[in-house]
Amino acid sequence: MPEATLRTVSDPGRAGPASRSSRLAPVHWLALIFLAAALGFAAVAWATGNGFYLRLATEALIFAGLAMSVDLLLGYTGLLSLGQALYFGLGAYVSALVLRDVAPSFWLAMAAALLAGGVAGLIGGVIANRVKGVYFALITFGLAQVAAKTVYNTRALGASDGLIGIPQIQVGFGPFSLDTADPLSFFLLVLGLTVVAYAGLSYLMDAPFGRTLAAIRANEKRVPFLGFNAWRYKLAVYVLAACVAALAGALYPMLRGFVSPELMFFETSGNAVITVIVGGVGTLVGPVVGSLLLTALRSVVGSWTEHHLIVVGVIFMLSVIFLRKGLVGALLARLSRRGEQGRATP
Amino acid sequence: MADLIDYLQFVLAPQALNGLSLGVAVVLMALGLTIIFGLLDVINMAHGEFYAVGAFLALTLAGLGVGFWALLVLVPLLMLPIGWLAERWLIARVFHSRDRHILTLLLTFGLGMIMEDLLKLVYGPNTQRPENPIEGGTEILGMFLPNYRLFLIGFGLALIAAVWLVVFRTGLGAMVRAAAFDKDMASSLGVPVRRVYAGTFAFGVALAGLSGVLLAPIYSVFPTMGRDFILMAFTVVIVGGMGSIQGAVVAGLLLTQVQALSSLYISPVWSDPLVFGIMVLVLMVRPQGLFGRLGHA
């Protein structure tokens, strides 16, 4: 069976010799523009006292973290995970339990979610990486279903109601501290974490680790001939993706004050895949853009009809057929074409 | 000893028969899925929604005065062009791409999402229950069985046999198996592979629609009705071997028995994790499933 992979944004956007120099790759410029827009949005929302939209944007960023973890697997390694919500939900439940029952500490909750995500990712990765292609997609799907149904049936975890009454907390940074109850400060915190995640993961994907993943995506059979153990790299990226998803999930109860089994259901995993495809596979900034766009779309369309799934579904299918690299990929391709024309006609 | 016979007769046997009627229905769904995968390599994520569309079509036509027996013919016939167009417009578009496994999975996922919301838009989110077309029940060995369930078992088994006959004993089926084995060779030998693809997809979709008609009187009709059912059908296809017809039948009957009988001993809410656990285990240990795929056996 041929290797099932998705092509990602190739040379125009990222990597290549240019990334070795001090010049920022276009995709990073896009991320910076995006960051400026997010800060501008925060300023406007704060000035107009609009907490609702700040909270909505925060939620979009949290789900962007989940989408980034899907992108690590799909865009960089060519593995389609249909069960990434398992780790997102795990992070959310662990964080909620720590905050409610252990100590209202942000750092403790994040550390516990990271640990849980890493351990679960290791177990899930060993299981899922036994198979390839569509079987990988189905096994991740099955794993998430088992976990979600188990949580759904477990009374100690609140069963179908989930856990409620998660306290709002102070996040301490040395002498400073920040209140998760304040929409603006929590938005800025999540935005900061998203930037850190983007920068760190982009760096890692340009490092030899990421290049090896790209080799696996391009042709897994040849990777062993170059002296690399493909299985070990696939396991490593799976654990990494699980940790990213768990950390994103850990932020959810801080925002909403509750967690529910829906966070682990297939809808959540499926939405993350939609977000990555619409935003841009293999760009890392694409999932963030996609998440914010889709959240905005759902809220706008949702204000005049409850049938927003039709709109989202059509956009998603059009992206699959026509925009193989998503919105960000299309934008980058256009930019690089313009750049080449500029150079050709001085 | 008498206790044991009582237990077999009044506890195990009714549960096993319930499981059998569910099993026949699941096999019908799984057959469509597995034939589509065996030939086109497509994981049809919209299969559950095609099943729901079939059930709603039956509901609408019944409202217009069409009888149940006519529905059994009419609904699959109406589903055929839907499936044909879905294959021509969506699947065929990305079929020659290197990542067609993932792309077709994503496309059918999106299609299912749209169809489910369209059903909600047209029919509303509420549950509807069509009339039972075959009233009454029959007593067999001291057990009371609804006639409709007996009909479902009999009709379903006949249908499964018919599908088997078509695939393995007709020229049409030979074309399908040839295209599944080696599409380039089949094409050069004069098999119209593109039309076989579209036709097979349409056939699978029609089977899903027919399952919708058959199950509507038992499980009632609502826009998300495909979701729970499709998970079971997927599990069956995986355990039986993706693309294997006998695998779908064996695994379908086996897994529904596991589900039905296990619910005697553990709370029924745990039967889902159990079935999915089996699916994960099979994928780990024997990802090709119990039987070989279509055209390769």
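In what order do the elements of chain B run from the N terminus on? Color chain B by secondary structure and follow along: α-α-α-α-β-β-α-α-α-α-α-α-α. That comes to 11 helices and 2 strands. Keep in mind as you click around that this is a predicted model.

**Stop 1: chain B as a whole**

Stay zoomed out on chain B. Its C-alpha atoms fill a box of roughly 65 × 50 × 35 Å along the principal axes. The radius of gyration is 19 Å, close to the 19 Å that the globule rule gives for 297 residues, so chain B is as compact as a globular protein of that length. Buried residues make up 48% of those 297 residues. If you draw contacts with a separation of 6 or more, 78% of those in chain B join residues 24 or more positions apart.

**Stop 2: annotated spans in chain B**

Next, select residues 20-43, 50-82, 102-119, 150-176, 196-222, 229-253 and 265-285 of chain B, which an unreviewed UniProt entry annotates as "transmembrane region". Two of these spans are worth a look side by side. Residues 196-222 are 89% helix and 0% strand, with end C-alpha atoms 32 Å apart. Residues 50-82 are 88% helix and 0% strand, yet their end C-alpha atoms are 9 Å apart.

**Stop 3: helix H9 of chain B**

Now pick residues 225-240 of chain B, which is helix H9. At 1.5 Å a residue, its 16 residues should span 22 Å, and the end C-alpha atoms are 23 Å apart, which agrees. Is H9(B) mostly covered or uncovered? Mostly covered: 14 of its 16 residues are buried. Step just past the end of this helix and you land on Gly241(B), which takes a positive phi of about 110°.

While you are here, show Val237(B) with its contacts. Leaving out residues up to four places away in sequence, Val237(B) touches Ala30(B), Leu33(B), Thr34(B), Phe37(B), Met242(B) and Ala248(B).

**Stop 4: the nonpolar core**

The largest nonpolar core has 204 residues, and the members touching the most others are Val244(A), Ala246(A), Met29(B), Ala30(B), Ala233(B), Val236(B) and Val237(B). Helix H8 (residues 230-256) of chain A gives the most to this core, with 17 residues.

**Stop 5: where the chains touch**

Bring both chains into view. Their contact takes 33 residues from chain B and 33 residues from chain A. On the chain B side, helices H3 (68-94), H4 (100-123), H9 (225-240) and H11 (271-285) each supply at least two residues. H4(B) provides the largest share of that side, 15 residues.

**Stop 6: chain A as a whole**

The C-alpha trace spans about 60 × 50 × 45 Å along its principal axes. For 346 residues, a compact globule would have a radius of gyration near 20 Å, and chain A agrees at 20 Å. Buried residues account for 50% of the chain, and 77% of the contacts with a separation of 6 or more link residues 24 or more positions apart.

Switch to coloring by confidence. Chain A averages a pLDDT of 85, with 91% of residues scoring at least 70. Residues 1-21 stay under 50, although the model has 51 contacts for them beyond four places in sequence.

**Stop 7: annotated spans in chain A**

The unreviewed UniProt entry for chain A marks several stretches as "transmembrane region", among them residues 60-86 and 309-333. Residues 60-86 are 74% helix and 0% strand, and their end C-alpha atoms lie 18 Å apart. Residues 309-333 are 88% helix and 0% strand, with ends 29 Å apart.

**Stop 8**

Click on Phe106(A), in helix H4 (residues 106-128) of chain A. Why does Phe106(A) count as buried? Because it has 23 C-beta neighbours inside 10 Å, and the cut-off is 20 or more. Beyond four places in sequence, Phe106(A) touches Ile169(A) and Val171(A).

Finish at helix H10 (residues 285-304) of chain A, whose 20 residues should span 28 Å at 1.5 Å a residue; the end C-alpha atoms are 29 Å apart, which agrees. Buried residues in H10(A) include Val285(A), Gly286(A), Pro287(A) and Leu294(A).

Technical notes
Residues numbered from 1 in each chain as written. Chains lettered and ligands numbered in written order. Predicted model: local features only at pLDDT ≥ 70, side-chain atom pairs only at ≥ 80, totals over all residues. Helix = DSSP H or I, 4+ residues; strand = E, 2+ residues; numbered from the N terminus. Expected span 1.5 Å × (residues − 1). Buried ≥ 20, exposed ≤ 12 C-beta atoms within 10 Å, placed from the backbone. Rg over C-alpha atoms; globule rule 2.2 N^0.38 Å. Contact = placed C-beta atoms within 7 Å. UniProt positions renumbered as here; feature names shortened; annotations may be inferred. pLDDT = per-residue confidence, 0-100. Core = buried A, V, L, I, M, F, W, Y, C linked by C-beta atoms within 7 Å.
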